[in-house]
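Let us walk through this model from the chain as a whole down to single residues. One term comes first.

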Amino acid sequence: MKRWYLYPFSLGYHMVTGVRNSMYDLGIFKSTKFKTPIINVGNLSVGGSGKSPMVMYLATFLSKYYRTGVLSRGYGRLTKGYDVTNYDSNYKTVGDEAMQLFERFKNRFVIAVSEERVPGAKKVMDDMDLDVLVLDDAMQHRAIKAGFNILMTDFNDPYFKDHLLPAGDLRESRAGSSRADIIMVSKCPDELTEETKQYYISRIKPSYNQKVFFSSIGYDENVYSREKMLPDNNLNYYDILLITGIANPKPLLDHLSKFSQKVKHLKFRDHHNFSDADIKNIVSEYKKLGEYKLILTTEKDYVRLKTFDYLRELVYYWPINVIIDRKEEFNQMILDYVLKK
């Protein structure tokens with residue numbers, strides 16, 4: 001969203017973030033390096049750009065070969081400090097994204113949270129004897145120096161068309177993209193032409209040591225509740241109450257429209273902590289639907305909604321994965337970095 005009337009304030013924001021980045025570039029501010037390979041997945045803008053599915057992809061891919069860990073801030077949790085996600089964790093103690101990863105993959109890889117990235121990274125790598133660490137959303141956390149940076153940018157709202165806060169949604173200037181090893185254009189449409197790809201590459205203007213990749217969202221062929229599974233092609237038989245608490249629900253709405261036109265959407269802000277009043281409203285809207293009905297949500301929202309007794313048996317979630325164009329080349333770049341490190 002562009003707010004041109006706030007542009008004068010963006011000039012001040014540009015000066016502050018520019019000075020801060022210069023301090024790190026010049027070595028005046030310390031940036032800590034680690035011997036263990038660290039891959040950072042970040043972006044330049046606020047809001048969703050597909051970081052979480054990419055973190056999930058990297059962790060599952062790398063865990064085939066290495067003892068892998070994920071470190072995130074644990075956004076939205078009610079606690080502070082360092083913690084490792086386990087069977088006693090919930091979204092209030094580790095955040096919804098960490099809980100989502102744990103509930104899908106359990107102990108396949110380590111999932112830790114810490115708002116302080118440097119001590120958090122040191123502790124999880126030492127305690128868990130990791131071979132590689134994936135950092136979630138640490139592009140602007142320059143106190144820790146990742147060896148490999150993947151910059152995510154939304155196809156529908158690329159950083160090269162955006163502006164600094166508060167006039168736009170960028171957390172730092174477009175020049176920050178120069179720190180990336182890979183620039184991943186995410187949430188691309190299914191039919192993406194070579195002409196469109198070349199347009200994006202021409203606007204991104206990657207340096208000689210940067211690669212641009214394109215990815216899209218892949219939805220599971222089924223939706224899942226606590227004990228049931230429903231094929232996606234059966235959704236057209238139901239009135240659907242869609243609940244989202246994510247930054248950009250448009251891709252989900254577009255995909256759902258292929259299966260059902262009987263959708264009532266209740267939209268909440270990203271990482272929304274549902275209150276009793278919210279649940280009362282959701283139940284009220286659900287009861288207004290027809291005889292055959294269900295509540296559908298995202299995998300991230302599910303870890304919060306299922307904690308409410310009334311909804312636990314009613315809510316279905318739709319898992320997603322990231323589909324990467326030139327996946328073999330992308331995977332090889334990741335493996336090459338870890339091996340060389």
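Burial is judged by relative accessible area: buried means under 20%, exposed over 50%, and partly exposed in between, with a 1.4 Å probe and protein chains only. This is a predicted model, in which local features need pLDDT of at least 70 and side-chain atom pairs count only at pLDDT 80 or more, while totals for chains, interfaces and linings use all residues. Residues are numbered from 1 along each chain as its sequence is written, and side-chain values use heavy atoms, leaving out hydrogens and water.

Start with the fold. The protein chain holds ten helices and 15 strands. These are DSSP runs numbered from the N terminus: helices are H or I with at least four residues, strands are E with at least two. The radius of gyration is 20 Å, close to the 20 Å from the globule rule for 341 residues, so the protein chain is as compact as a globular protein of that length. Here the radius is taken over C-alpha atoms, and the rule is 2.2 Å times the number of residues to the power 0.38. Along the principal axes, the C-alpha atoms fill a box of roughly 65 × 45 × 40 Å.

Next, the packing. Of the 341 residues in the protein chain, 51% are buried. A contact means heavy atoms within 4.5 Å. Take the contacts between residues at least 6 apart in sequence: 74% of them join residues at least 24 apart. The accessible surface of the protein chain is about 16,900 Å², and carbon and sulfur atoms account for 52% of it. Such areas come from the Shrake-Rupley method with a 1.4 Å probe; for residues, only the protein chains shown count as cover.

Now zoom in on helix H2, residues 51-62. Its twelve residues reach 16 Å from first C-alpha to last, close to the 16 Å expected at 1.5 Å a residue. That expected span is 1.5 Å times one less than the number of residues. Eleven of the twelve residues of H2 are buried, so the helix is largely enclosed by the rest of the structure. Among them are Lys51, Pro53, Met54 and Tyr57.

Gln100 sits in helix H4, residues 96-105. Gln100 is buried, at a relative accessible area of 13%. Beyond residues up to four places away in sequence, Gln100 touches Glu299, Lys300 and Val303. Met23 belongs to helix H1, residues 7-25. Met23 has 26% relative accessibility and counts as partly exposed. Neighbours within four places in sequence aside, Met23 contacts Ile28 and Phe29.
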